[in-house]
Structures are given as structure tokens and as C-alpha cells.
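Open the model in your viewer and keep the selection tool ready. The stops below say what to select and what to look for.

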Amino acid sequence: MYSVRNEWKERGVVVAVKHRIETQEMDTQIALPVQGTAGLQVVIGTAPINLAENPSEVVNKPVIAYSFAEAQRQLGYSDDFKNYSLCQSMDASFRIFSIAPIIFINVLDPEKHKKEYTQEGITVSGKIATIEAAGLMMDSLEIKDQENNTLNADEDYMAVFNASGGVDVTLLSTDKTVSVTLLSVTGMQLDPSKVSEEDIIGGYDVKTGKETGLELIRQVYSRFHFPPGLIIAPGWSHKPAVAAVMCAKTEGINAVFCCETAIDMDAELTKVYTDLPEAKEEMAVNNHHAILLWPKLRLGKKVYAFSAVWAAMTAYTDARNGDVPVKSPSNELLGVSATVLEDGTEVLLDTLMAESVNAAGIVTAINDGGWKAWGNYTAAYMKTSDPKDQWIACRRMMSWYRNHFILTFKSKVDDPLSNVLIESIVDGENLYLNSLTATGDIAGGMITYDEAENPIESILEGKIIFRTKIAFWTPAQYILNKIEFDPTILKTALGVE
């Protein structure tokens, strides 16, 4: 590294002391994302994997990321949210809310979802030519000069992706490139338009044993030891077939875990908020694990599926509350600048309109000191009166607590079924429930063991049953202050008898 001191040493001058004022420039310290797993997002969609470090390694495989840089390195990134839906969640989670980790499942397969690319007459200026097309597979490119001579990568040219997703080609100084003024390019290009609902839904191939799409949710815990918290598919969940499978995947994950799913309503077909109840019936989403959202969100020129931002905000809210989903994600800032329809038309709901949307079991957004999520009900609202199933906060707390119990006592499976085991579970869990009560995370709870529910026949079969009674806080959705004008106060102020 060059320095003034080294220069003087080279001249034979010895510098013994520093007698000056100077500065030193340090690398910028990037704030690390807040980490939490109560609302762990599992996002299914498409990514520009031609920009990824190892494209073939991230097709139909759960990938975990703790930072934007890590997500970009593994999956690539593009502001083209329509074609590359996973990038919505990358942007919302790491740039708007700075929350981690996130699980991504990319279904865009360069072996299936591709097309041939050809371009001629690309101008070379200052030894550099730019291929503006995005989605090119670098290892498939064949570059020729104006005389149809093939140029060799790393010998005659260097090619790198640029910030726009295109390719910059820099000609090296070789005999072949001396008089090159034009280039022609052929190769393979990703074609996200070929990705279908079936790719997102995925399935299990009996012959190969391979899982794809939403079926890969099963692998999340096995790979990363975190159960899913929120399943989302921005850009796809508004399709009824996809939404139905997302709802089905919230229960019985690995046979034991459960979670919630955030589902977008169609912001192209449903343009008016008063049409939402009928649209919900058409969509047929009434699952108590589902949260329906409408319309879309915009930040600057970027337009997001509501679910991408809502899920990031919810995970962030959990992390701020001790990684416990006690706080409803309603009335929380979304960090966006507008609500919009599919065509970009702005939607501006006031509180009364938003209440009408909420009454259908749908979450929306209002602008009240910033754009905020507005809605506490799951999609099951009006279909159930059970508080654990109609309130988003209670539903998420129930799923979270169930997963907690499994994770805490999973190591006890196959231990001797003795009084020591029973007491360790009862005492340990009651201690934990008391701590949650003390911190205000729950209203109260208690676990018990009843001998009547555990006859000797069950014990001999290795089966044991506990019962937990627990209550979660419902959100203060309606606060009323009855204000009365009292003339006696006026009389007292005026000194009137």
C-alpha cells in the first residue's frame, strides 16, 4: 500500500516521529438486522438466479439469509418485483425493516423456465460493450465479433453483470480484439413468464423423491431447526389454488408444528373496497391460520405485494417484543408511501372504510401519521367466535406457544416415563408460563397432569397426556371515552352559588 512514509523511506529519509494532524477513512459499519424467529418468514417465489453465486444450488431448495448481501449472493436481486417475486421480501425485510433471518424457496428453474437469446450489432466503445437484456445465463453466452469470429471468455474478454442486471463486456488486448467494433451474442435467458401456479404449489415426485414448491416447507425445520412462522408467496398468493395449498400447509408441519400464512387478495380484479366481501367468498379463504390483505403497497417506484411488507413488519414487531408475537401487527407502520391497485391507481381508505374491510376478515392499510396496517381479524372472522381463531394476535400466540412446547420438551421423548419426567415437565412449564405472565406476554397459564387421563393402559403403551390452560391478551381494538359537558364545573369556575 502506498503511503507518504514509504515514499520517504525509498528516498532514504528516516521518519522517526509523527508531528502533524491527519485523518484516516474507515469502512462504513452497516447496522445488523434485528433477529427473531417467532415470525420466521418462509417465502416461495422466483429469483434472478442467473445473478446468484451458484444458480443450480438454489432451485427448489430452502435457503436461509441473515442479511441482504447474503440473500443477494445466494439468489441474486432485481427491482423487477413482478418477474422476481422473492426480491420483494428481500427488499422489505432487509431494507425497510432490517429483520432476519428469512427462508427463501426459489422455484424458477433455468432448465425449464428459459428461452434462447440473440442480439447483433452491439456497439463497442472504449473496449466496452453492454448487453442490456436481463436474465442471461453467463455460462451459456457465445460472443462473436463483426466478422463472426468467436471470442473466448477470460482470454479475449471479461463479462460481468452490471447494476441493471445486464452484462458488461470488456475486451482484453489480444490479436482478436484489435479491430473489434461490433459484437453479436447468443445464449440462454431466464423466462419467468413460464413459471406457473403448479410450480409454486409444487409437490412430491414418487420416482425421484424430490420435493418442489410449497412442499418444501417440510424441509425448513430439518435444515435450519426453526419452525416456520409465516408462509407467504408474494405475487402468487392471490391465486385461489395457491392460497388453498398455503392454508393447508399451516398445520401438521413435520407432523407437529403450525404457523400462519399471509395471503394477498387480487388487486387487479378487486378495485373497490366494497367488493372485497364477495371477492373473499370467491377466493374461498376462511382458514383461521390465514390473514387476508388488500390492496398492494408502494414505496417510491417500487410496488410490493401487501404480504411481503406485512410479513416483514410482523416479524420485526415480534422481534421488538422479545421475539414473542404478543403485539397485534395492526396499527404498526409499514414504511411505505401509498396503497395501490395492480395498475398503480392509488387507494385511499379512511377509518370508516377500513372498518368495513376489517369486518370481512381482511387487513388493509390507512394513512394515519404514516401508512399503517389496519386489521386484527384472521380470514376466519364471522365464521368462528373462538377468540383464539378470530384474532390474529391470539392465533399467532397459540401457534407460537404450541411450537415452543414441542421445541422445549422434544428432548424428553423416549425418557423413562416416571414421576421424575412428569414433574420436570409440569414444574418447568409452569415456571415458564409464570414468567410469561409476569412480563405481560400472556394473561396467565398453567399446565397440569391428571392421573385420570393417564390410566395404566396408556402408561404401558408409552403414552402420556398433559393439559395446559392459557389465555392470551386480545387487542384493544375499540377504545371509547364518554365525554360529558358538566355545567357544575363551569359554575364552580365562575364562583356561582
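**Stop one: the core**

Select valine 285, which touches Ala243, Cys247, Ile263, Lys280, Ala290, Leu292 and Ala379, where contact means heavy atoms within 4.5 Å and residues up to four places away in sequence are not counted. This is a predicted model, in which local features need pLDDT of at least 70 and side-chain atom pairs count only at pLDDT 80 or more, while totals for chains, interfaces and linings use all residues. Residues are numbered from 1 along each chain as its sequence is written, and side-chain values use heavy atoms, leaving out hydrogens and water.

Val285 is among the residues with the most contacts inside the largest nonpolar core, which has 91 residues. Such a core is a set of buried Ala, Val, Leu, Ile, Met, Phe, Trp, Tyr and Cys residues joined through side-chain atoms within 4.5 Å; buried means under 20% relative accessible area (1.4 Å probe, protein chains only). Helix α8 gives the most to this core, with eight residues. Helices (H or I, at least four residues) and strands (E, at least two) are DSSP runs, numbered from the N terminus.

**Stop two: α3 and α8**

Select residues 86–96 (α3) and 306–320 (α8). Where do they meet? Gln88, Ser89, Ala92 and Ser93 in α3 meet Ala308, Val309 and Ala312 in α8.

**Stop three: strand β11**

Select residues 167–171: Val167, Val169 and Leu171 form the covered face, Asp168 and Thr170 the uncovered one. Tyrosine 157 has leucine 171 as its bridge partner. In the turn of this hairpin, glycine 165 has a positive phi of about 90°.

Key:
Axes fitted to C-alpha atoms, helices over the stretch in contact; angles between N-to-C directions. Buried < 20%, exposed > 50% of the residue type's maximum accessible area, 1.4 Å probe, protein only. Pairing = 2+ DSSP bridges.
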